[in-house]
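Subject: Structure handover

Hello,

Please find the structure below, followed by notes on what was found in it. The notes can be read with the model open beside them.

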Amino acid sequence: MASERAARTVVVTGSSRGIGKHIATRFAESGDNVVVCSRTIEDCERVAADLEAEGHSVHPVEVDVSDKESVENLVDETVEEFGRLDVLVNNAGINIRGPAEEMSAEDWQTVLDVNLTGVFYCAQAAGKQMIAQGDGGSIVNISSMMGSMGQQDRTPYNTTKGGVNNLTRCLAVEWAEHDIHVNALAPGYIMTEMVEQAQEDAGFDQQDVRDRTPLDRFGTVEEMANCVQFLASGDNFVTGEVLTADGGWTAFGWGCKDD
Ligand code: NDP
């Protein structure tokens with residue numbers, strides 16, 4: 001009979017809503033100890049309370065990933081609560097859209113601070129803890145299919161996601177000797193508040209996305225959680241990889257399906 005896997009301790013940043021909430025929920029349902037965190041502690045407490053009511057082991061923490069001290073506190077609280085840290089999912093992310101020639105220095109910096117520096121701070125603090133534990137670990141960075149393409153009005157977002165892809169490769173190479181697997185997931189369009197906002201700002205509708213996606217639909221938060229489970233498992237010889245989950249968008253390349 002196969003032996004049961006020991007519970008891992010998992011931190012999912014930006015897990016108060018959207019994709020992160022579902023990634024955290026899936027780990028909790030798999031029997032892992034989960035830290036739910038974002039800038040809004042009330043939302044994290046609500047997510048944690050719902051999961052705890054179902055018998056899962058969850059701890060809410062307030063964190064701003066762009067603040068190094070706040071990130072170090074996140075890892076300290078995780079270790080205080082659960083004794084160790086096995087998996088980090090760097091999911092927190094933001095988007096500020098606008099023409100490159102008009103982008104303010106402040107908006108540019110804000111997106112870099114959260115989407116790229118924040119991923120580095122979290123990986124650094126978690127990696128230090130995993131190295132000290134001495135028995136490996138997994139880091140999954142939530143990138144985007146936009147990280148490997150250009151698009152109008154998305155310069156900081158796409159640039160940071162491209163940076164996350166190469167940060168993933170660098171850390172995978174550097175921490176391989178500690179058996180820490182570092183991978184990225186690059187989703188296509190998933191319907192969350194971030195995409196609802198983008199729809200409002202850019203005026204595209206759901207049909208525009210479907211017309212450009214070979215699988216003819218949006219991806220789901222459950223599908224993203226499936227991908228993260230695979231990448232976080234650490235038993236697959238995969239590290240330094242960017243897994244694209246976009247319904248064929250980037251494979252397709254140009255035009256609309258019916259052209
Ligand atoms: P949402 O806007 O729905 O959720 C973002 C989450 O990040 C929230 O929990 C938010 O909570 C948290 N967050 C934002 N800033 C910070 C910060 N500075 N520190 C800590 N937490 C923060 O986004 P999605 O669920 O749509 O996106 C999640 C990730 O997936 C992002 O990295 C995004 O770029 C990526 N992605 C999303 C796609 C999509 O189609 N939805 C496609 C490709 C990639 P709070 O505001 O309380 O801090």
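Q229 sits in helix α8, which spans residues 221-232; helices here are DSSP runs of H or I with at least four residues, strands are runs of E with at least two, and both are numbered from the N terminus. The model is a predicted one, in which local features need pLDDT of at least 70 and side-chain atom pairs count only at pLDDT 80 or more, while totals for chains, interfaces and linings use all residues. Residues are numbered from 1 along each chain as its sequence is written, and side-chain values use heavy atoms, with hydrogens and water left out.

With a relative accessible area of 17%, Q229 is buried. That word means under 20% relative accessible area, exposed means over 50%, and partly exposed is in between, with a 1.4 Å probe and protein chains only. Apart from neighbours within four places in sequence, Q229 is in contact with R8, R26, F27 and S30, where contact means heavy atoms within 4.5 Å.

Q199 is in helix α6 and counts as buried at 17% relative accessibility. Not counting residues up to four places away in sequence, Q199 touches M191, F204, D205 and Q206.

M130 belongs to helix α4. Its relative accessibility is 1%, so M130 counts as buried. Leaving aside neighbours within four places in sequence, the contacts of M130 include L85, D86, V87 and L88, and also D135, G136, G137, S138, I139 and I180. M130 and I180 are 50 residues apart along the chain, and their C-alpha atoms are separated by 7.6 Å.

Pockets

The terms come first. On a 1 Å grid over the protein atoms alone, a cavity is a set of points where a 1.4 Å probe fits but cannot get out; a pocket is an open set with protein on both sides within 12 Å along at least five of seven lines, and lining residues have an atom within 4 Å of a point. Grid points are joined across faces, edges and corners, and a volume is the space filled by probe spheres set on the points.

The largest pocket holds about 970 Å³ of space. Its lining has 42 residues, and N91, G93, I94, T192 and M194 lie nearest the centre. At least two lining residues come from each of α1 (18-29), β2 (33-38), α5 (155-175) and α6 (193-202). Helix α6 gives the largest share, 6 residues. By class, this lining has 19 nonpolar, 15 polar and 8 charged residues. Ala, Val, Leu, Ile, Met, Phe, Trp, Tyr, Cys and Pro count as nonpolar, Asp, Glu, Lys and Arg as charged, and the others, Gly among them, as polar.

The second largest pocket has about 240 Å³ of space. Among the residues that line it are M149, Y189, F204, R212 and W249. Helix α7 (residues 206-212) supplies the largest share of this lining, 3 residues. The classes here are 6 nonpolar, 3 polar and 3 charged.

Cavity

How many cavities of 30 Å³ or more are there? The count comes to 1. The largest cavity has a volume of about 30 Å³, and V11, V71, L74, V75, L85, L88, C122 and A126 line it. Two or more of these lining residues come from each of α3 (68-82) and α4 (105-133), with α3 giving the largest share, 3 residues. The lining divides into 8 nonpolar, no polar and no charged residues.

Strands

β2 and strand β3 (residues 58-62) run parallel and are joined by 5 bridges; two strands pair if DSSP finds at least two bridges between them. From β2 the chain crosses through helix α2 (residues 41-53) to β3, in a right-handed β-α-β crossover. Right-handed means that, with the strands pointing away from the viewer, the path from the first strand over the helix to the second runs clockwise. The bridge partner of V36 in β3 is P60.

Backbone angles

Most residues other than glycine have a negative phi. D179 has a positive phi, near 60°, and is not a glycine. D179 lies in the loop between α5 and β6 (180-187) and is partly exposed at 45% relative accessibility. D216, also not a glycine, has a positive phi of about 65°. This residue is in the loop between α7 and α8, and D216 is partly exposed, with a relative accessible area of 30%.

Regards
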